[in-house]
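Thanks for coming. I will go through one model today, a few local features at a time. Please have the sequence and the structure open.

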Amino acid sequence: MLQLHGHPFSSYTWKALIPLYANDTPFEFIGMTTDRPLSEQFPGKAHPGGHIPVLVDGDSVVVEATSIVEHLAVHHPGPAPLIPADPAEAAVARMIDRVFDNYVMGNMQRVVAAHFTSRDKPELGLRDAPDQTEIAAAKSRLRQAYAWLEKWLSENALPPHVSLVTCAAAPALFYADWVERIPADCSRLAALRAELLALPAVSRCVEDARPYRPFFPLGAPDRD
């Protein structure tokens, strides 16, 4: 059976969980414990950066959430398409996947990291005061990404759910909206967030992560 190592509150763990749930793929979830640094647990040794999630499929160890989605599409296909069959459409899906990971999720994580003493060692705890310069810069880049995506959505169609884009966009928009609300002039993007959160595979991730919200360093909003 497949094993997925991760944490229910981790955005990139969601990215790997969503395709597993969408295709009803049998797997064992191995949650990271809080009594040891991640570097001392399996993902910390299997992943070159010591990150989660990590997928184990027999003798294969797959790192990086996007690669996990690609692996599942090839080796454990199901009703959810994950990767478009048309190569040109697949290339677009991969492009938008990178946009959500690098510019939405990435800048959301910059805001969160600005609250920690060490981004690489969150177990060291929070700063006495967050780095406001870094927060302002990250939020500015996040608004830039929102605007780009809003324009792209006005001119293009996303692949059917659940695709690689779904897997990237759902956790990225969920958490990014917590640190910088999607503005009123990005109505398509806001509608996409609501649409994604209504998908059963995504809703399951939201509910499973709910008990961990007190750990969100900015304070989780009373919504979603």
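A residue counts as buried under 20% relative accessible area, as exposed over 50%, and as partly exposed in between. E64 has a relative accessible area of 43%, so E64 is partly exposed. Keep in mind throughout that this is a predicted model.

Let me stay with the backbone for a moment. Most residues other than glycine have a negative phi, and most peptide bonds are trans. E64 is not a glycine, yet its phi is positive, at about 80 degrees. You will find E64 in the loop between β4, residues 60-63, and α3, residues 65-75. D224 is another non-glycine residue with a positive phi, here about 60 degrees. D224 sits in the segment after α8, which covers 200-209. With 31% relative accessibility, D224 is classed as partly exposed.

Now the cis peptides. One joins I52 and P53, with omega at about 5 degrees. P53 belongs to the loop between α2 (42-46) and β3 (54-57). Another cis bond runs from H161 to V162, and there omega is near 0 degrees. V162 is in the loop between α5 (132-155) and α6.

Start with T13, in helix α1. Is T13 buried or exposed? Its relative accessibility is 0%, so T13 counts as buried. Leaving out neighbours within four places in sequence, T13 contacts L4, G6, H7, F29, I52 and P53. That list includes I52 and P53, the pair joined by a cis bond. There is also a polar atom of the T13 side chain 3.2 Å from the backbone nitrogen of H7.

The other threonine is T166, in helix α6, residues 164-179. T166 has 2% relative accessibility and therefore counts as buried. Which residues does T166 touch, beyond those up to four places away in sequence? They are H161, P171, L196 and L199. With H161 there is a polar contact between the side chains, at 2.8 Å.

Next, helix packing. Two packed helices are described by the angle between their axes and the distance between the axes. Helix α1, residues 11-22, packs with helix α4, residues 87-113, at an angle of about 150 degrees, and the axes are 11 Å apart. Angles over 145 degrees count as roughly antiparallel, so α1 is roughly antiparallel to α4. On the α1 side the contact uses S11, Y12 and K15, and on the α4 side D97, R98, D101, M105 and Q109. By class, the residues of this contact are two nonpolar, two polar and four charged.

A word on the cysteines. How many disulfides does the count give? It gives zero. Take C205 as a case: its closest cysteine sulfur is in C167, 9.2 Å away, and that is too far for a bond. C205 is buried, because its relative accessible area is 2%. C186 is buried as well, at 4%.

Last, a distance. A190 is in helix α7, residues 187-197. At 34% relative accessibility, A190 counts as partly exposed. A190 and G6 are separated by 184 residues in sequence, and by 28 Å from C-alpha to C-alpha. G6, you will recall, is among the contacts of T13.

That is what I have; questions are welcome.

How values were computed:
Residues numbered from 1 in each chain as written. Predicted model: local features only at pLDDT ≥ 70, side-chain atom pairs only at ≥ 80, totals over all residues. Heavy atoms only, no water. Axes fitted to C-alpha atoms, helices over the stretch in contact; angles between N-to-C directions. Helix = DSSP H or I, 4+ residues; strand = E, 2+ residues; numbered from the N terminus. Parallel < 35°, antiparallel > 145°, perpendicular 65-115°, else oblique. Contact = heavy atoms within 4.5 Å. Nonpolar A, V, L, I, M, F, W, Y, C, P; charged D, E, K, R; others polar. Buried < 20%, exposed > 50% of the residue type's maximum accessible area, 1.4 Å probe, protein only. Polar contact = N/O pair within 3.5 Å; in protein donor to acceptor, adjacent residues only side chain to side chain. Disulfide = S-S within 2.5 Å.
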